Amino acid sequence: MVEKRAGGADDIKSAIIPPPATQRRYCQQPGSASTQKKCTQSLLAILFLVGLSLLCTKSCSPSRETHVQDGKYSALIGEYMKHGNKRPNGPLRGSKAEELFLTVPNEQSALAASRRYTARPHLAGTPGDLETAKDFFAHLQQELSINHAYELPIYPAGSDEALAATLNISTYVEPTAWITTYYPVLNFPLNHSLEILGETGNPIWTAELEEVSDGTDPDATEYATAVLSWHGISRGGEARGKLIYANYGRKQDYDALVEAGVDFNGKIVIARYGGNFRGLKVKRAQELGAAAVLIYSDPRDDGTVTTENGYLPYPHGPARNPASVQRGSVQFLSLYPGDPSTPDHPAYENSTRVEGDSKPTIPSLPISWINAEVLLNQIADGEEGPTVRLVNNVEEKVTPIWNTFGVIPGHIKDEVVVLGNHRDAWVLGAADPSSGTVSVHEAIRGFGTLLRNGWKPLRTILIASWDGEEYGLVGSTEWGEDFADWIREHVVAYINLDTSVSGSHLKASASPLLAHLLRSTAEQIPHPTSEGRSLWDARLDKGELFGENLDAEATAVHEEMESAADNIGINPLGSGSDYTVFLQYIGVASSEAGFSSTLHDPVYHYHSVFDSQRWQEVYGDPGFSRHVAIAKHIGLQVLRLSGDIVLPFNTTHYSLELQSYLDRVEQLIVTSSLEVDLTSLRQSIRALQAASVRLDTEKVAAEIKLRKILGKLKKRQTLRRKLYRKLRKGICKLMKYIGKECKAPKDGEFTYFTFSRRRLLKAIKRVQAVNHKLIAFERGFISKEGIKDREWYKHLGVAPGKWLGYGATTLPGITEAITMDGDALAAGREVERLKIHIDNLTESISV
């Protein structure tokens with residue numbers, strides 16, 4: 001040990017530079033000319049050795065050409081490793097960054113942001129909507145320290161500026177933000193009416209279609225008629241006909257009525273919300289020849305929180321206000337989302353447009369329970385009701401909408417993590433979407449704090465505030481169709497947030513690739529309202545408002561929606577929010593999690609004027625702790641995805657889930673009595689599982705190897721920096737002695753990588769290869785041909801149910817060939833198609 005210390009840095013220094021004090025005494029001693037000559041020669045020798053050392057620091061490294069050609073990722077990792085070295089505790093990344101981030105989101109800030117975003121109606125394409133786009137931009141600008149000395153950067157989609165803003169994300173070196181304007185065809189209400197007609201054809205009852213508030217909720221009172229009660233994308237016109245009750249308006253409800261001999265031709269259907277997407281209630285009625293559809297909110301679907309159980313209606317209690325109306329789009333979402341007039345293409349102002357198959361051809365209206373009760377009382381069991389007349393006049397036009405974007409450049413600029421939330425609301429939208437916007441708002445504050453403390457992510461982060469989601473995921477879909485190739489090449493994952501708080505139950509949905517990340521980050525965050533528990537434990541929360549009366553059918557529908565979770569508690573993603581274009585169209589692993597309403601929570605007035613700030617503060621999230629918990633959750637996901645050397649994707653869980661999906665298909669085959677051979681597909685899935693296990697081993701080994709080399713680099717760098725500072729100090733003293741200025745390179749100019757470049761580069765390329773395989777996993781399920789009858793959806797592993805809309809159907813091609821078509825040959829073709837994709841995927845991830 002003593003001999004090793006003798007060869008240390010201090011001895012190297014003394015061999016090159018004698019102690020300065022001794023030098024000074026020797027050279028300053030009066031003596032002969034020969035003595036002074038020896039002194040000068042010594043100094044020159046020292047300077048020569050130091051210069052040679054400095055020269056070797058530069059020239060002994062690989063050439064610039066080699067560095068440019070082979071050292072791109074080593075340079076990036078190097079920058080990542082030394083970024084933030086000025087901090088007293090070292091670089092800000094990993095757990096240090098997470099710990100600081102978690103201290104930032106807070107309830108007071110979240111409450112203030114919510115009050116700001118819900119201060120006025122902001123329906124897509126309206127002046128209020130544009131103001132929220134600017135508000136969000138200003139927040140990005142402030143928190144990310146973005147300096148825009150010029151006019152507000154709002155770019156028309158398709159313009160050189162808009163194209164460059166996205167296509168150049170990989171070149172940004174500083175945070176930046178902008179707004180892109182798309183031009184979809186949307187509609188807006190003009191006037192409407194609903195009447196019961198007597199035998200003479202004259203009205204005997206006229207509905208009050210607008211919501212009514214008594215003043216207790218000031219915002220609901222002020223804006224009750226600001227946005228009329230109507231359906232987005234609905235057909236304009238008038239219809240009259242006998243009334244038919246269709247329960248939830250699900251396909252099975254219609255089929256049961258048809259089997260019972262009910263004739264829908266020329267009739268007006270009345271159905272209650274729930275069970276499927278509202279647009280599909282209209283679609284099936286249209287296919288059966290109905291003239292129009294009415295959809296209402298039924299208190300039976302409010303669980304135990306009803307006036308029947310003694311709860312007062314809002315705004316005086318937690319039960320449903322009977323005048324509330326659920327607005328919403330009736331686009332046929334399971335065919336394709338986005339602008340109906342530009343399927344598969346972005347909606348530029350001058351785009352060529354088509355009529356579009358995703359729009360209804362019959363009118364519809366949403367109505368309140370007050371109005372529905374009057375109509376339902378006129379219908380005898382199993383019989384037609386009275387003749388009603390419905391008028392729905394709308395204005396359809398090309399309408400500007402505004403997506404707001406912000407970029408935090410990472411060290412690896414061509415790998416991008418996207419965080420998105422939509423901003424537009426049917427009226428005030430305190431829960432949908434403003435609770436999500438508030439949580440993203442707080443996460444951005446956290447990122448801003450990290451930036452100001454020297455943090456820079458390994459991968460680039462893109463933050464998106466989508467517009468037009470309520471009409472049919474328009475803003476995100478148009479951007480996704482606009483930049484599909486860029487997304488395919490650069491985006492590694494998408495974190496979505498729609499409504500972050502509408503109740504007490506944590507609902508988590510994701511691609512199986514991200515399931516473990518979603519759960520592990522939720523387990524790290526404290527439960528917002530219950531000590532000693534985690535956020536993840538909130539998935540067990542079911543509300544606290546109980547009563548004796550509970551509708552059995554509503555309970556069954558609710559439980560069916562909750563039963564799709566995998567063995568770790570994560571649901572598959574169907575559609576209904578902005579992850580759709582990323583996952584279903586391009587193959588980007590996506591996730592979404594937020595607090596949803598249960599059968600025992602205060603009634604959430606979905607898409608109503610009563611989704612207001614007062615409801616949120618009194619009943620939805622008093623204290624705003626749930627908003628903050630979700631902000632922390634999405635922030636941790638983004639930090640892991642943008643900061644982990646190896647992407648936190650779990651391909652083995654995904655491959656095991658495929659086996660579960662296939663088991664469900666096998667059960668469907670048994671029930672249907674069709675003959676479909678799944679043997680070869682099951683074998684392919686097992687081969688994929690084996691390849692995935694080998695990839696698990698490789699990704700662990702690759703990361704360990706890289707970290708080991710980086711650790712050695714860090715130690716050597718630290719030692720050399722110490723020596724270098726001592727050398728520089730000695731040089732400066734010598735320069736000062738001979739009367740010259742010290743020009744020795746500063747510490748920051750010290751070449752970082754002079755050790756084992758080849759080993760480092762090899763380790764980095766190994767990690768890079770693993771990450772490419774992880775990213776390719778989700779992409780591997782994308783079929784150019786798409787799913788039969790709805791080719792826009794291209795993911796063969798999961799899609800929104802053809803007659804569900806929101807809910808997911810796994811292995812959709814095979815499943816729908818069995819359940820919808822009853823076609824064994826078609827099912828066999830789908831089995832073979834999926835097998836080819838899985839075999840190709842197995843090959844692509846093999847190590």
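**Exercise 1.** In this predicted model, which residues of helix 22 (residues 613-620) are buried? Then place them around the axis and find what covers them.

*Solution.* 
- Step 1. The buried residues in helix 22 are Gln 613, Trp 615, Gln 616 and Gly 620.
- Step 2. Take their directions from the axis. They cover an arc of only 165°, so they sit on the same side of helix 22.
- Step 3. Look for the cover. Among the elements over these buried residues are helix 8 (107-117), helix 11 (218-222), helix 15 (434-452) and helix 23 (625-643).

**Exercise 2.** Is Thr 555 buried or exposed? Describe its surroundings.

*Solution.* 
- Step 1. Locate the residue. Thr 555 belongs to helix 20 (residues 552-562).
- Step 2. Apply the cut-off. Buried means under 20% relative accessible area. Thr 555 has 15% relative accessibility, so it counts as buried.
- Step 3. Check the side chain. It reaches the backbone oxygen of Asp 551 at 2.8 Å.
- Step 4. List contacts, leaving out residues up to four places away in sequence. Thr 555 touches Leu 550 and Leu 599.

**Exercise 3.** Which strands stand at the edges of the seven-strand sheet? Work out what pairs and packs there.

*Solution.* 
- Step 1. Write the order: 4-3-11-6-7-8-10, in an open sheet with mixed pairing.
- Step 2. Read the edges. Strand 4 (203-206) and strand 10 (364-367) each have a single partner strand, so one side of each lacks a neighbour in the sheet.
- Step 3. Neighbouring strands are turned by 35° against each other on average, direction ignored.
- Step 4. Inspect one pair. Strand 3 (residues 185-197) and strand 4 run antiparallel over three bridges. Ile 196 has Trp 205 of strand 4 as its bridge partner.

Key: Residues are numbered from 1 along each chain as its sequence is written. This is a predicted model: local features need pLDDT of at least 70, side-chain atom pairs count only at pLDDT 80 or more; totals for chains, interfaces and linings use all residues. Side-chain values use heavy atoms; hydrogens and water are left out. Helices (H or I, at least four residues) and strands (E, at least two) are DSSP runs, numbered from the N terminus. Buried means under 20% relative accessible area, exposed over 50%, partly exposed in between (1.4 Å probe, protein chains only). A polar contact is a pair of N or O atoms within 3.5 Å; within protein, one must be able to donate a hydrogen and the other to accept it, and residues adjacent in sequence count only if both atoms are side-chain atoms. Contact means heavy atoms within 4.5 Å. The arc is that of the directions from the helix axis to the C-beta atoms. Two strands pair if DSSP finds at least two bridges between them. Axes are lines fitted to C-alpha atoms, for helices over the stretch in contact, and angles run from 0 to 180 degrees between N-to-C directions.
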